[in-house]
Amino acid sequence: MSTVIESLERRALKQRPNFGAGDRVRVHFQVVEGTRRRTQVFEGIVIKRQGSGARETFTVRKQSFGVGVERTFPLHSPKIEKLEIAARGDVRRAKLYYLRGKVGKRARVAERRWGIEDDVVVPAEEAEPVDAEGVAVSEAEPEVVETAEETEETGNTEEAGDGSADAGEEEAQPEPEEGDAEASSKEADS
């Protein structure tokens with residue numbers, strides 16, 4: 001191969017966690033439906049990895065309503081937003097084609113409990129919530145809320161609080177001003 005092609009392929013490589021056949025993964029994949037874009041999560045067992053470099057692919061298999069579904073993803077695709085490892089599988093093969101003939105409990109792979117490095121396993125992160133227009137919370141414009149001092153300056157008579165009071169408590173009486181001695185003596189008597 002020419003060095004130009006190799007350099008272009010090296011730039012296309014993405015940072016992905018280390019995983020292999022038998023591992024249960026969650027692939028967050030972008031799906032385009034008309035003009036809308038959404039993220040679809042496909043969770044299943046990796047039954048094979050093949051290829052190398054920018055052309056490397058992996059196949060994920062899951063049981064959906066009793067039917068086996070397999071999907072092959074390019075490992076370094078920009079449409080893969082996130083790749084999470086849910087569990088490590090205890091297998092001794094590179095290709096798990098034998099799972100195609102199994103259904104139900106027999107299609108499970110034992111979970112490996114040894115040799116798992118904590119820094120390699122990607123913890124599940126919550127996706128940032130978006131509104132109906134698809135705008136993320138961090139990108140949205142903040143609302144301007146007036147404080148009590150600002151409401152007094154603008155002349156609004158309503159208070160800038162939430163206005164909720166507990167049912168068991170009496171309404172708070174306004175505090176007397178410093179020069180009002182009679183009001184303070186009445187409060188002391190009660």
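**Strands, cores and a pocket in a predicted model**

Setting aside neighbours within four places in sequence, Val-41 is in contact (heavy atoms within 4.5 Å) with Arg-26, Val-27 and His-28. This is a predicted model, so to speak of local features pLDDT of at least 70 is needed, side-chain atom pairs count only at pLDDT 80 or more, and totals for chains, interfaces and linings use all residues. Residues are numbered from 1 along each chain as its sequence is written, and side-chain values use heavy atoms, with hydrogens and water left out.

Val-41 itself sits in strand β2; helices (H or I, at least four residues) and strands (E, at least two) are DSSP runs, numbered from the N terminus. With a relative accessible area of 41%, Val-41 is partly exposed, on a scale where buried means under 20% relative accessible area, exposed over 50%, and partly exposed in between (1.4 Å probe, protein chains only). Its C-alpha atom is 9.9 Å from that of Ile-80, a residue 39 places away along the chain.

As for the overall layout, the chain has 3 helices and 5 strands, and going along the sequence these follow the pattern α-β-β-β-β-β-α-α. The chain has 190 residues, and buried ones make up 22% of them. Of the contacts between residues at least 6 apart in sequence, 51% join residues at least 24 apart.

Next come the cores. A nonpolar core here is a set of buried Ala, Val, Leu, Ile, Met, Phe, Trp, Tyr and Cys residues joined through side-chain atoms within 4.5 Å. The largest one has 13 residues, and those with the most contacts inside it are Phe-19, Val-25, Val-27, Phe-58, Val-60, Phe-73 and Leu-83. Two or more of its residues come from each of β1 (24-33), β2 (36-50), β3 (57-64) and β5 (80-87). Another core, of 6 residues, lies apart from it, with Ala-21, Ile-47, Leu-96 and Leu-99 among its members. In soluble globular proteins, nonpolar side chains do tend to be buried together. Looking at Phe-19 in more detail, and not counting residues up to four places away in sequence, this residue touches Val-25, Val-46, Arg-49, Phe-58, Leu-75, Leu-83, Ile-85 and Arg-88.

Thr-57 lies in strand β3 and counts as buried, at 19% relative accessibility. Beyond residues up to four places away in sequence, Thr-57 touches Lys-48, Arg-49 and Gln-50, and also Thr-72, Phe-73, Pro-74 and Leu-75. Gln-30 belongs to strand β1, and its side chain makes a polar contact with the side chain of Glu-81, at 3.1 Å. Such a contact is a pair of N or O atoms within 3.5 Å; within protein, one must be able to donate a hydrogen and the other to accept it, and residues adjacent in sequence count only if both atoms are side-chain atoms. Glu-81 also turns up in the contact list of Gln-30, alongside Arg-37, Arg-38 and Lys-79, once neighbours within four places in sequence are left aside.

The C-alpha atoms of Glu-6 and Ala-54 are separated by 9.4 Å, although the two residues are 48 apart along the chain. Ala-54 is also touched by Leu-13, as are Gly-53 and His-76, not counting residues up to four places away in sequence. Leu-13 is in the loop between α1 and β1 and counts as partly exposed at 37% relative accessibility. Its C-alpha atom is 9.5 Å from that of Pro-78, 65 residues away along the chain.

Most residues other than glycine have a negative phi. Phe-65 is found in the loop between β3 and β4 (67-74) and counts as exposed, at 87% relative accessibility.Finally, there is the second largest pocket, which is lined by 18 residues, with Arg-24, Ile-45, Ala-107, Arg-108 and Val-109 nearest its centre. On a 1 Å grid over the protein atoms alone, a pocket is an open set of points where a 1.4 Å probe fits, with protein on both sides within 12 Å along at least five of seven lines; lining residues have an atom within 4 Å of a point. The elements giving two or more residues to this lining are β2 and β3, and the largest share, 3 residues, comes from β3.
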